[in-house]
Amino acid sequence: MKRPPVGRQHLDVRAILDYLEDRLDASARRNVEDHLAGSCSRCRELLHEVGRLTGAMLADRTPPVPAAMRERSLEVFGVRAEHPTSPRLVWQVARLLFDSRVSPIPHAARRAMGEARWLRFALDDHVLELETEPESGGSMTIRGCLASPDPALFRIEVAAGDESSIAWPDSAGRFSLERVPVGEASVTVQGPGQRWRLPAIDL
Amino acid sequence: MSSPLRLDPAEDARLVEACLAGEARAWEALVRRHECLVYAVARSYRLSDADLGDVFQDVFAALVSGLPRLRDSRTLVRWLSSTTQRIARATALRRRREHALSLAPEELPRLAGDEPPVGADLERLEQQAMIRLGLAELAPRCQRLLEALYYEDPAPAYAEIAQRLGVPMGSIGPTRARCIERLRVVMEALFSDRPRITGVAEPTFESGTGGPEGFRLGDIGECLSQPVQEDRA
């Protein structure tokens with residue numbers, strides 16, 4: 001039963017929850033489904049987002065951590081009389097290895113790349129590759145890959161214009177950032193115990 | 001009297017700093033904040049209780065050493081899940097090898113039928129851990145409502161929840177929607193690394209009895225349901 005969602009009106013979280021939890025009567029349910037079947041991508045996105053959130057909570061059935069186990073983990077703190085002092089992370093500068101805008105590359109490869117620009121940087125033992133591609137509307141997409149033993153522990157931040165975007169590489173090191181404003185971008189990479197600045201990139 | 005420890009997603013950095021300064025209470029808060037994730041990943045390797053306890057302790061011992069470089073919540077969550085996976089998997093494989101060596105030659109074919117260490121879907125467990133951190137950001141009434149609805153198995157009926165929380169039954173539906181909405185905003189902030197949300201009104205029950213209150217140790221979820229003594233000398 002509950003509130004039937006009104007035909008063309010956007011669905012709110014309550015209607016979505018009632019729908020997902022089967023708390024609507026047949027007519028209200030049909031209204032929701034008609035709305036979702038229409039051109040409203042916003043409500044479909046909301047449905048997926050709320051569904052993912054509640055689904056993750058419903059799937060989380062981790063039992064309580066036994067008290068004795070926790071006690072042991074508390075003891076390890078006491079054992080270390082001397083705690084490591086917090087090292088001040090210094091910024092290191094990544095080294096540019098390749099920039100398709102300035103490096104000579106075969107004509108066929110340049111044709112295949114289209115408007116994309118490829119850059120490669122050395123961050124000590126890690127290698128960061130970036131591909132920047134213009135989007136419509138004056139912004140850029142940045143796709144990248146960080147070659148590192150554990151890329152998921154790194155955080156990549158791109159600051160351009162007044163905006164700042166952050167990406168977390170997946171376990172294969174891949175990441176992407178969309179709608180990055182054009183102009184000079186400052187890219188930083190932070191990993192466990194290290195951080196780097198890339199030379200400024202003109203997007 | 002010391003003030004109660006507060007847990008919220010932005011506090012990892014502060015807790016790490018306090019741990020580095022030698023504050024045992026900060027260490028306890030950090031452990032409580034992330035223990036569910038470590039426990040969930042380690043359990044997925046089907047270890048004995050003794051091995052599970054060892055893995056749990058080893059992970060947190062490693063965390064003590066790694067503290068200075070693990071201030072950010074997401075980095076910390078990822079580090080904890082991958083470190084637990086590595087230690088638990090090594091333990092499971094070691095046990096499997098020991099078991100193989102203890103068998104008589106004629107028993108060895110039995111091993112082929114043994115299931116290998118299973119391991120966890122880390123991404124899913126990390127997401128669940130981040131949601132728990134997000135829940136800790138909500139007002140206690142919201143936490144209790146969402147815990148009852150989504151973490152209790154089976155979920156209690158609305159009537160029972162209303163009785164437990166001392167609110168009208170008709171307020172449960174709208175309030176759960178507002179709490180989920182609030183959680184979405186918190187999660188968005190957590191995942192996008194934006195500054196913490198300030199000035200967003202906490203959902204209240206329609207009876208008007210809800211509102212922002214501090215989250216305290218032991219308030220959240222089944223996993224953290226055991227109370228802790230908050231005021232210590």
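The legends below accompany close-up views of a predicted model.

**View 1. The helices of chain B.** In this predicted model, chain B contains 8 helices and 0 strands, and its elements, followed from the N terminus on, run α-α-α-α-α-α-α-α. Of the 233 residues in chain B, 44% are buried.

**View 2. Helix α3 of chain B.** Helix α3 of chain B, which covers residues 49-66, is made of 18 residues and reaches 26 Å from its first C-alpha to its last, a span close to the 26 Å expected at 1.5 Å a residue. Within α3(B), the run B:Val55, B:Phe56, B:Gln57, B:Asp58, B:Val59 and B:Phe60 is buried, and B:Leu63 is buried as well.

**View 3. The contact of chain B with chain A.** To this contact chain B brings 48 residues, while chain A brings 40 residues. On the side of chain B that touches chain A, at least two residues each are supplied by α2 (24-43), α3, α4 (73-102), α5 (122-135), α6 (140-151) and α8 (172-192) of chain B, and α8(B) gives the most, with 10 residues. Sorted by class, the side of chain B that touches chain A holds 24 nonpolar, 12 polar and 12 charged residues.

Key. Residues numbered from 1 in each chain as written. Chains lettered and ligands numbered in written order. Predicted model: local features only at pLDDT ≥ 70, side-chain atom pairs only at ≥ 80, totals over all residues. Helix = DSSP H or I, 4+ residues; strand = E, 2+ residues; numbered from the N terminus. Expected span 1.5 Å × (residues − 1). Buried ≥ 20, exposed ≤ 12 C-beta atoms within 10 Å, placed from the backbone. Contact = placed C-beta atoms within 7 Å. Nonpolar A, V, L, I, M, F, W, Y, C, P; charged D, E, K, R; others polar.
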